[in-house]
Amino acid sequence: MLERLNEAMEHIERHLGESVDVAETARLAATSEYHLRRMFSALAGMPLSEYIRRRRLTLAGAEVLAGRDTLLEIAVRHGYGSGEAFARAFRAIHGVGPGEARRTGAVLSSQSRMTFRLTIEGSSNMRHRVVDKPAFTVVGHKARVPLVHAGPNQAIIDFVRGIPREDVDRLEKLSDQEPRGVLAVCDDLDPSRAEGTELDYYQGVITAAAAPEGAAELSVPAGTWAVFTASGPMPETVQYLWRDVFTEWFPSNPYRSRPGPELLRMRMPEGGTGAEGDAELWLPVERERG
């Protein structure tokens, strides 16, 4: 797995001066494009598209400071169609425009080339099961929110706080199949999973009952799900669970993630942040092809 992933990273490096074909990169990694993006984001701590942009502009920054080529020549060589587009991207990464950087010899940022190595951990005994689930419907409240990689997502916090308690109680009574109870459901994420891109967020339940008037509905086709459970201090336990699923479970099991909503059921502690609670995470998966 790591050997194929590093082969894919080498492919990216060879094609930084042009449009990187992510589908071909995924083929070299022997997985799907969707799973490659998910795995890379979890392992590297940034979206694949962001890594490619940072690597491209790291190389471009060195060429800007070297002063041998014009700024437009450098821009074109690194895939930018105009000097203006190059300057905007350059400033976003380095905090200074390419012209000023060349004139002043500015200190620039650098994105190191990534490779992946095996470390022996496996310290967490992950409780999981794999479920083939028929088609189902999520019913509840829905909002379009930005993706936040670290820290609280204030848009989600405000949305959930704005749902009347009686609405939550009414929904909970409709729950009639696994996973039971009121769920946090994330769907329609941007394939890049870049910070600030938007997703559909539901507070809802899975039910065969008719949806209440005004409720949002999400129809989910039949498929396979990996179900993970964890207990401990909240919200840290959920954050660690996400990390361990992608850094330990997927590399050790013959499954890959597939498109579909992600379901999270949490029993939040009465003691607030840091108190003990339970979480159950449902992720859509499919078997890796041999």
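1. A charge sits over a ring if NZ of Lys or CZ of Arg is within 6 Å of the ring centre and within 35 degrees of the ring normal. Arg287 is a case of this in the predicted model: its charged end sits over the ring of Tyr255, 5.3 Å from the ring centre. The charged end of Arg258 is likewise placed over the ring of Trp225, 5.3 Å from its centre.

2. Now to the rings themselves. The count of aromatic pairs comes to 10. In one of them, Phe228 and Trp249, the ring centres lie 5.1 Å apart and the planes stand at 85 degrees, so this pair is edge-to-face. It is worth a look in the viewer, as it links distant parts of the chain: Phe228 belongs to strand E6 (residues 223-233) and Trp249 to helix H10 (residues 236-252), 21 residues apart. Phe228 and Trp249 are both buried.

3. Another pair to check is Phe246 with Phe250. Here the centres are 5.0 Å apart and the planes are at 40 degrees, so the pair counts as tilted. Phe246 and Phe250 are separated by about one helical turn, because they are four residues apart in helix H10. Each of the two, Phe246 and Phe250, is buried.

4. Finally, a wider view of these side chains. Phe228, Phe246, Trp249, Phe250 and Tyr255 are linked by ring pairs into a cluster. Tyr255, a member of that cluster, is also the residue whose ring has the charged end of Arg287 over it.

Conventions: Residues numbered from 1 in each chain as written. Predicted model: local features only at pLDDT ≥ 70, side-chain atom pairs only at ≥ 80, totals over all residues. Heavy atoms only, no water. Phe/Tyr/Trp six-rings, centres within 6.5 Å; stacked < 30°, edge-to-face > 60°. Helix = DSSP H or I, 4+ residues; strand = E, 2+ residues; numbered from the N terminus. Buried < 20%, exposed > 50% of the residue type's maximum accessible area, 1.4 Å probe, protein only.
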